[in-house]
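I record in turn what I looked up and what I found.

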Amino acid sequence: MSWDFFRLLLICALGALLILAAITDLRTRIISNRLNLAIALLAPLWWLAWGLAVWPDMAVQLLSGLVVFALFAALFAIGMMGGGDVKLLGALALWFPWQATLSLIVLMALLGGAVTIVTLIHHRMAKKQGQPEIPYGVAISIAALWLLGERYLNQFA
């Protein structure tokens, strides 16, 4: 099997997992730990498919994932994000170079604002009680899918 085909399989697997994350978060406001674990465990295969060296390349990917997880875990601790969202971001940071991870976070924030507005409007129109739960996994998944398309699939165009 050629590395190009293997990388394409991994991109398709990640894309399917991201779509699943968005759908389940939209329906239940939960992103499964198993789904996040699958995304994280596929990342080392991605590194191998791209020929990353153990040091420093893979170490930088691990550090990037840990930093992103720690930063967003702090937001979780103060009630600003869900636990599944934090784990999803940490797992995705393992896939992208740190510069692309920054782009992911910026794009996620912009899309998250749109998801928040739509959720608030829906909450008010449905006259639901209490605070609405924002399905931020939708914004995270769309941002990651966008990055995948831009970085990896556009090379085939």
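The entries below go from the helices and their contacts to the backbone and the surface.

**Entry 1: the model**

I note at the outset that this is a predicted model. Each value that I write down is therefore computed from a prediction.

**Entry 2: the salt bridge**

I asked how many salt bridges a search of the whole structure finds. The search finds one salt bridge. It joins the side chains of Arg7 and Asp4, with 2.4 Å from N to O. I recall that side chains of opposite charge can pair when their charged atoms come close.

I then looked up where the two partners lie. Arg7 and Asp4 are both in helix H1, and three residues separate them, about one turn of the helix. In general, an α-helix has 3.6 residues a turn, so residues three or four places apart point the same way.

Are the two partners buried or exposed? Arg7 has 15% relative accessibility and so counts as buried, because buried means under 20%. Asp4 has 48% relative accessibility and therefore counts as partly exposed.

**Entry 3: the aromatic residues**

I looked up the aromatic pairs, and the count comes to three. One of them is formed by Trp46 and Trp50, which are edge-to-face, at 5.8 Å centre to centre and with 70° between the planes. The pair is called edge-to-face because its planes are over 60 degrees apart.

Trp46 is buried, with a relative accessible area of 2%, whereas Trp50 is partly exposed, with a relative accessible area of 37%.

Trp46 also pairs with Trp95. This second pair is tilted, at 5.2 Å centre to centre and with 35° between the planes. Where do its two members lie? Trp46 lies in helix H2 (residues 33–49) and Trp95 in the loop between H4 and helix H5 (98–125), so the pair ties together parts that are 49 residues apart in sequence. Trp46 and Trp95 are both buried. I conclude this entry with the cluster: Trp46, Trp50 and Trp95 form one aromatic cluster.

I examined helix H4, residues 83–93, for its cover. Nine of the eleven residues in H4 are buried, and the helix is mostly covered. Among the buried residues are Gly84, Asp85, Val86, Leu88, Leu89 and Leu92.

I next looked up Ile140, which is found in helix H6 (residues 136–153). Its relative accessible area is 0%, so Ile140 is buried. Which residues is Ile140 in contact with, leaving aside its neighbours within four places in sequence? The contacts are Met81, Asp85, Leu88, Leu89, Leu92, Leu104 and Met108. I also noted Leu18, which is 122 residues from Ile140 along the chain. The C-alpha atoms of Ile140 and Leu18 are separated by 8.5 Å.

**Entry 4: the backbone**

I checked the backbone for features to record. The peptide bond from Trp55 to Pro56 is cis, with omega near 5°. Pro56 lies in helix H3, residues 54–77.

Arg29 has a phi of about 65°, and Lys127 has a phi of about 55°. Arg29 is placed in the loop between H1 and H2; Lys127 is placed in the loop between H5 and H6. Arg29 is partly exposed, with a relative accessible area of 31%. Lys127 has 69% relative accessibility and therefore counts as exposed.

**Entry 5: a patch on the surface**

Finally, I asked which residues form a nonpolar patch on the surface. They are Ile19, Ile23 and Leu145, and together they have about 230 Å² of accessible area. Ile23 lies in helix H1, residues 3–28. Because its relative accessibility is 38%, Ile23 counts as partly exposed.

Terms used: Residues are numbered from 1 along each chain as its sequence is written. This is a predicted model: local features need pLDDT of at least 70, side-chain atom pairs count only at pLDDT 80 or more; totals for chains, interfaces and linings use all residues. Side-chain values use heavy atoms; hydrogens and water are left out. Buried means under 20% relative accessible area, exposed over 50%, partly exposed in between (1.4 Å probe, protein chains only). Helices (H or I, at least four residues) and strands (E, at least two) are DSSP runs, numbered from the N terminus. Patches are made of residues with over 30% relative accessible area and no salt bridge: like charges are joined within 9 Å, nonpolar side chains (Val, Leu, Ile, Met, Phe, Trp, Tyr) within 5 Å. Accessible areas come from the Shrake-Rupley method with a 1.4 Å probe; for residues, only the protein chains shown count as cover. A salt bridge is a side-chain nitrogen of Lys or Arg within 4 Å of a carboxyl oxygen of Asp or Glu. Rings of Phe, Tyr and Trp (its six-membered ring) pair if their centres lie within 6.5 Å; planes under 30 degrees apart count as stacked, over 60 as edge-to-face and the rest as tilted. Contact means heavy atoms within 4.5 Å.
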